Amino acid sequence: MSSRQRRILICGNLVWAHDEARQLFSGLADIVVMDSPNRGDFLAGLKGEKYDGIVGIYRHNTSADRIGVFDEEIIDALAETGTIKWIAHNGAGYDQIDVLRCAKKGINVSNTPGAVDDATATTALYLVISCLRNYAWAEQSLRQGRFKTGLHPGRAHDVTGRTLGILGLGGIGLRLAHLVHAFPMRVVYHSRNKSANAPEWCEYVDSVEKLCRESDVLSLHVPLRDETVHLVGEKEIRAMKKGSIIVNTARGKVIDEEAMIRALADGHLSSVGLDVYPNEPLVNPRLLEFPQNVLLPHMGTENQDSQRCMEVRALTNLRDFLRDGQGHDLVPELRSKL
């Protein structure tokens, strides 16, 4: 490492918080923008002058378009620099980072919980309402010049009085609970543990299967980990009431997509509202065969207010690490290593 000032690497999109970045790192570190067109160039840059002196990384998922996800190969290369000790990820979900490898190599990883809560919860709220009332289907009929053709009120329900099951009452799930309470909807939830932050009108159930049995609409808000892949599968879907709805703004692989499609095909599920898919940007074409489905292209945090907040929070975590020796918002897998 040369004697010049420490440097931080902007790896992926930084769109809204350029001024904040300059203010946060003034006198602490120089800001370097990752301009590698591919993984090979990035790895070579870590070994040479290009990224010499980097001590921390701001990461956005868009960096994967050029250098791929932060897998074992990249984490090992970061560790070999001997200087990079913090990855400040912009996003609540961090499944593109091998955090267990980071823990083994002494690299901390933070994310941006809280900053995404309102935007993701309002996306889920839209999906809940649109699925119950068939609004997206109705808009399709109007745009196609068929004004309500194929629609029938017998397929729709009021939101008020329906039961919303929330799988994962973290920040996003809790925000959604407060939003739907305004109607009101009945809210039941399941998490690994009963939430101390849950209001009295949120009813806890002690298993995923029980949650499914209770729910008219099941909304998913769990992170993607090995233990949550296909957390909602054939058994759980068939435990739901006939004509119920699944909403997913978490990660596509949390649901067994084939089991979900089978339930749509035989009418056990009336519709699904999805903002996430197992193999984005690819979407299973079978989902498009059901006009009642509400399908969004991962729009959860696609607004400038939330994205600015996320950028600032990720950058602040990195700044705090440089200034204080410890940042905030460590992902759970890393907190246990402290």
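Is the crossing of helices H6 and H8 left-handed or right-handed? In this predicted model, the crossing of H6 and H8 is right-handed. Two packed helices are described by the distance between their axes and the angle between them. For helix H6 (residues 117-133) and helix H8 (residues 171-181), the axes come within 8 Å and cross at roughly 55°. H6 is therefore oblique to H8. On the H6 side, the contact is made by Asp 117, Asp 118, Thr 120, Ala 121, Thr 122, Ala 124 and Leu 125. H8 contributes Gly 171, Ile 172, Arg 175, Leu 176, Leu 179 and Val 180. By class, the contact of H6 with H8 consists of seven nonpolar, three polar and three charged residues.

Helix H6 also takes part in a pocket. The second largest pocket has a volume of about 220 Å³ and is lined by 16 residues, of which Arg 155, His 157, Gly 243, Ser 244 and Ser 270 are the closest to its centre. Two or more lining residues come from each of H6, strand E10 (244-248) and strand E11 (269-274). The lining of this pocket comprises three nonpolar, eight polar and five charged residues.

One cavity of 30 Å³ or more is present in the structure. By class, six of the lining residues of the largest cavity are nonpolar, two are polar and one is charged.

Notes:
Residues are numbered from 1 along each chain as its sequence is written. This is a predicted model: local features need pLDDT of at least 70, side-chain atom pairs count only at pLDDT 80 or more; totals for chains, interfaces and linings use all residues. Side-chain values use heavy atoms; hydrogens and water are left out. On a 1 Å grid over the protein atoms alone, a cavity is a set of points where a 1.4 Å probe fits but cannot get out, and a pocket is an open set with protein on both sides within 12 Å along at least five of seven lines; lining residues have an atom within 4 Å of a point. Grid points are joined across faces, edges and corners, and a volume is the space filled by probe spheres set on the points. Ala, Val, Leu, Ile, Met, Phe, Trp, Tyr, Cys and Pro count as nonpolar, Asp, Glu, Lys and Arg as charged, and the others, Gly among them, as polar. Axes are lines fitted to C-alpha atoms, for helices over the stretch in contact, and angles run from 0 to 180 degrees between N-to-C directions. Helices (H or I, at least four residues) and strands (E, at least two) are DSSP runs, numbered from the N terminus. Angles under 35 degrees count as roughly parallel, over 145 as roughly antiparallel, 65 to 115 as roughly perpendicular and the rest as oblique. A crossing is left-handed if the near helix is turned anticlockwise from the far one by less than a right angle, and right-handed if clockwise. Contact means heavy atoms within 4.5 Å.
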